Amino acid sequence: MERTFTMVKPDGVRKGLTGEVIRRYEKAGLKLIGLKMVRLSEEKAGELYFIHKGKPFYNELVEFIISGPVIPMVLEGDNAVSQVRDIMGATDPKEAAPGTIRGDFAEEISENVVHGADSVESANREIQVIFSQDELVG
Ligand SMILES: Nc1nc2c(ncn2[C@@H]2O[C@H](COP(=O)(O)OP(=O)(O)OP(=O)(O)O)[C@@H](O)[C@H]2O)c(=O)[nH]1
Ligand SMILES: [Mg+2]
C-alpha cells in the first residue's frame with residue numbers, strides 16, 4: 001500500500017471538474033483517506049512548490065495556485081504515486097493523451113487542472129505541508 005498527494009488546482013475547481021477528478025481516482029481503485037477545500041496562503045504554496053523556486057515560471061505558478069480554492073487529497077493504493085501520474089497525464093496538456101485528466105480537460109501547461117506528487121518522498125512531504133495527522137483516516 002502506498003500513499004500519494006494530489007490536488008485539484010484552481011482552474012479545475014473553477015471549471016467544475018472536482019467530482020470528475022475524484023471519480024477517475026476512485027474508479028482506478030484508489031481510496032480517499034483525506035480531502036478538503038482550502039485557499040492556500042502564499043507561504044503554504046511556497047512550501048508545496050519549493051523545488052521549483054528560482055525557475056522562470058515559479059512566480060506565475062504560486063500566483064496561480066493561490067488564485068482560488070483548491071481540493072487537496074490523500075489517496076492510498078497499490079503504486080498510488082504512479083497510478084495518479086498516469087491518470088493525470090503529461091504536464092503539458094498538448095502532450096497529454098486522450099483519456100487522461102489533462103488530455104481531456106486542460107489547455108495550457110500553466111493551468112493543467114491537477115497536481116500529483118512525483119515520488120513517495122514528495123508525497124509524504126506534501127501531505128505534511130497540507131494535512132495534519134487528524135485530518136487523515138485509516
Ligand atoms: N508556465 C509554465 N508552467 C510550468 C512549466 N513547467 C511546469 N509548469 C507548471 O508547474 C507545475 C509543476 O511542474 P512539474 O512538477 O515539473 O510538473 P508535474 O509534476 O507534472 O505537475 P505537478 O503535478 O503540478 O507538480 C506544472 O504542473 C505546471 O503547471 C513551464 O514551462 N511554464
Ligand atoms: Mg511536480
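Tutor: Happy to! Let's start with Asn79, which sits in the loop between S3 and H5; helices (H or I, at least four residues) and strands (E, at least two) are DSSP runs, numbered from the N terminus. Before going further, this is a predicted model, where local features need pLDDT of at least 70, side-chain atom pairs count only at pLDDT 80 or more, and totals for chains, interfaces and linings use all residues. Residues are numbered from 1 along each chain as its sequence is written, chains are lettered from A and ligands numbered from 1 in the order in which they are written, and side-chain values use heavy atoms, with hydrogens and water left out.

Asn79 is not a glycine, yet its phi is positive, at about 45°. Most residues other than glycine have a negative phi. With 48% relative accessibility, Asn79 counts as partly exposed; buried means under 20% relative accessible area, exposed over 50%, and partly exposed in between (1.4 Å probe, protein chains only).

Within H7 (residues 120–130), the buried residues are Ser122, Ala123, Glu126, Ile127, Val129 and Ile130. Seen down the axis, they fall within an arc of 160°, so they line one face of the helix; the arc is that of the directions from the helix axis to the C-beta atoms. On the other side of H7, Glu121 and Gln128 are exposed.

S4 leads us to another loop, the one between helix H6 (101–105) and S4, where Val113 lies. Val113 is also a non-glycine residue with a positive phi, about 70°, but Val113 is buried, at a relative accessible area of 0%.

Asn112 is in the loop between H6 and S4 too, and is buried with a relative accessible area of 2%. Its side chain makes a polar contact of 2.7 Å with that of Lys9; a polar contact is a pair of N or O atoms within 3.5 Å, where, within protein, one must be able to donate a hydrogen and the other to accept it, and residues adjacent in sequence count only if both atoms are side-chain atoms. Leaving aside neighbours within four places in sequence, Asn112 is in contact (heavy atoms within 4.5 Å) with Lys9, Asp11, Thr91, Pro93, Arg102 and Ala106.
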